[in-house]
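Open the model in your viewer and keep the selection panel at hand. This tour goes stop by stop.

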Amino acid sequence: MMKSTPRALLIAPLAMALSLAPTHAQTAAPAAQAPAQPLPSVDPHANETKAQRDARLKWFREARFGMFIHWGLYAVPAGEWNGQPVGNGGEWIMNSAKIPVADYAALAPQFNPTKFDAEAWAQIAQDAGMRYLVITAKHHDGFAMFPSQAGGFNIGASTPFKRDPLAELSAACRKRGIKFGVYYSQAQDWHQPGGAAYGGHWDKAQDGDLHAYVRAVAAPQVRELLTTYKPAVLWWDTPVEMSREDIQALTAAFAQRPDLIANNRLGNGVKGDTETPEQFIPAQGFPGRDWETCMTINDTWGFKKDDTNFKSSESLTRNLIDIASKGGNYLLNVGPDATGTIPPPEAERLREVGAWLKRNGASIYATTASPYKRLPFEGRATVKGNTLYLNVFKWPEGGLTLSGLQTPVRLARAVDNTEAVPVRSANRFEKLSVRKDAAGTLHISKPSKLDAVSTAIALELTGPPQVLEPETLLAPQPDGSFKLGAIDATLQGSLKTEGGDKGNIGFWTDAADAVSWKVAAPAAGKYLVLLDYSCEPGSQGSTFGIEVDGGDSGLRGTVPATASWSDYKTMTLDGTLALSAGKHTLRLKPLAKPGLAVMNLRSLSLTPQKAQ
Ligand code: H79
């Protein structure tokens with residue numbers, strides 16, 4: 001299932017496993033050539049100024065919440081083939097069940113989603129508080145959800161449904177001020193000859209040249225999409241083996257949409273506008289980059305009739321708050337069925353998120369990332385101008401406190417208290433008291449009504465929030481042991497954390513990347529070192545060492561395999577780590593990486609050894 005796949009490592013193995021024509025690496029390079037001139041960038045936005053970029057991305061940065069829609073022919077089998085449930089996402093069924101091209105194409109005449117109502121879908125998005133929408137114009141199965149001149153396998157030519165969902169939906173969005181976007185799978189296409197396929201082609205009808213496919217189908221379809229539906233977002237996916245010429249062909253029509261926002265999945269090193277963490281929330285965001293977490297509402301993107309593992313509206317809302325606090329957007333998916341209906345349990349959860357946003361949206365929309373890495377309560381912070389918003393998931397028993405805020409508080413108020421203050425207007429709100437103690441810590445009074453999902457509070461300051469957060473210096477737990485987790489780690493290189501407080505450090509595909517923590521040892525002592533880690537079979541055997549304050553401690557480890565990237569085990573290193581009293585920097589540094597990645601690391605624990 002998608003849930004237990006090595007999220008941190010999805011894209012790399014995908015690129016490696018695709019069966020394609022020989023790559024440049026496999027072609028013998030001519031010897032003794034003059035060094036190649038760096039080629040001009042193929043990124044259409046490479047030359048814009050910061051001001052131009054800020055203007056282009058303004059709406060996206062303010063939007064914070066969007067609807068992803070995966071809708072296509074795969075809604076017909078709905079996760080089942082020949083009466084058997086098929087694993088993986090519903091939109092992957094053709095590949096997962098290795099369905100022959102002709103058999104899959106035979107689904108098209110059965111696809112007649114007469115209940116499709118673009119107005120109703122756009123209304124669901126609007127009621128959820130979503131400010132943009134991205135729909136699959138063509139997924140990996142190669143079926144275009146719009147009548148296309150550039151490929152015969154599409155909703156206009158191949159189905160009894162004689163309508164154009166993209167035209168209807170883009171119009172319904174425009175009416176409501178919702179930005180309209182399209183997803184387009186530019187490399188994988190399991191129907192057209194030459195299209196790429198994860199794991200290789202399984203039907204001769206798929207064979208052909210990828211670059212010819214891009215020229216004949218993908219690039220012309222992208223042009224059709226940009227000129228006909230005038231999308232604000234273009235969402236590429238699974239880039240593989242895209243040559244410079246492919247990229248140029250695919251982006252040739254960008255000139256028609258100068259304000260287009262395109263993600264980082266085009267290929268050939270094009271960075272695009274947005275980072276796209278899939279199915280996870282990066283623990284520390286992507287400082288300096290715009291980003292968007294895309295996530296399923298259950299465990300599939302495309303409709304599966306048996307998947308009822310819906311996330312609660314509480315966790316969806318808190319995900320949105322978490323993402324906003326890290327400066328990102330939440331692109332939350334729905335998977336409409338073959339009749340054209342968004343499953344009612346999905347619509348219902350979106351309505352509930354929307355109800356919370358209606359009351360507390362000021363703490364989300366048009367905000368920027370939290371100035372805090374950690375808060376002393378379960379919750380998150382965001383910033384808008386001179387206002388610091390706190391979203392408190394669980395009101396602390398001992399009252400709400402906040403340290404490190406240097407900017408004076410002018411006024412503290414509840415963001416939502418429509419019940420406590422019946423006549424609500426711009427200048428009617430519930431005021432909260434703020435007391436500053438001798439240590440400079442703020443104590444904020446409790447609003448009369450707490451929200452079960454998250455209580456939003458606004459601290460209006462005399463200027464933009466200045467925060468002096470004490471460096472994350474980890475103190476021992478009551479039993480004398482130290483727990484060094486992902487959220488407190490300092491990451492070097494391209495390492496990323498995911499999953500918040502209980503998260504892990506992943507994407508460890510470069511052995512030059514290291515991770516460190518700062519600890520404060522109350523007294524000199526010796527510690528056993530334990531790792532909470534995972535490592536998929538095939539990637540085991542990486543070795544690493546532990547440094548203390550830049551010096552080699554002599555401690556070494558070798559990573560054994562666990563069942564999968566999501567199966568965590570504990571390993572104890574041979575020997576002990578000696579720490580003198582005081583502050584130290586501990587660094588875990590790979591020495592060799594024979595496989596794809598070093599490991600996923602949840603935490604390092606130091607357990608004190610009794611003096612002999
Ligand atoms: O459209 C959604 C996914 O279908 C698509 N991106 C999101 C937005 C996506 N395509 N590929 N991937 C994500 C990553 C690859 C996942 C894989 Fe697998 C893991 C390919 C093989 C193992 C999932 C599990 C698909 C097949 C088995």
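**Stop 1: a buried serine**

Select S534: at 0% relative accessibility, this serine counts as buried (buried means under 20% relative accessible area, exposed over 50%, partly exposed in between, with a 1.4 Å probe and protein chains only). S534 belongs to strand β25, residues 525–534. Strands are DSSP E runs of at least two residues, numbered from the N terminus. Now show W565: the S534 side chain reaches the backbone oxygen of W565 at 2.5 Å. A polar contact is a pair of N or O atoms within 3.5 Å; within protein, one must be able to donate a hydrogen and the other to accept it, and residues adjacent in sequence count only if both atoms are side-chain atoms.

Before moving on, some ground rules. This is a predicted model, where local features need pLDDT of at least 70, side-chain atom pairs count only at pLDDT 80 or more, and totals for chains, interfaces and linings use all residues. Residues are numbered from 1 along each chain as its sequence is written, and side-chain values use heavy atoms, with hydrogens and water left out.

**Stop 2: the ligand**

Select the ligand and its shell. 16 residues surround the ligand, each with a heavy atom within 4 Å of it. The closest are H70, E91, H139, H140 and D237. By class, the shell holds seven nonpolar, five polar and four charged residues. Here Ala, Val, Leu, Ile, Met, Phe, Trp, Tyr, Cys and Pro count as nonpolar, Asp, Glu, Lys and Arg as charged, and the others, Gly among them, as polar.

Next, pick out individual contacts:

- H70: a side-chain N or O atom is 2.6 Å from a ligand oxygen.
- H139: a polar side-chain atom lies 2.8 Å from an oxygen of the ligand.
- E278: a polar side-chain atom lies 3.2 Å from a ligand nitrogen.

**Stop 3: a three-strand sheet**

Select β13, β17 and β16. They form an open sheet in the order β13-β17-β16, with antiparallel pairing. β13 (400–402) and β16 (434–436) stand at the edges with a single partner strand each, so one side of each has no neighbour in the sheet. Two strands pair if DSSP finds at least two bridges between them. Three bridges join β13 to β17 (residues 442–444). Zoom in on L400: its bridge partner in β17 is I444.

**Stop 4: two cysteines**

How many disulfides are there? The count is zero, taking a disulfide as a pair of cysteine sulfur atoms within 2.5 Å. Select C173: the nearest cysteine sulfur, that of C294, is 18 Å away. C173 is buried at 0% relative accessibility. C294 is buried too, with a relative accessible area of 1%.

Notes. Helix = DSSP H or I, 4+ residues; strand = E, 2+ residues; numbered from the N terminus.
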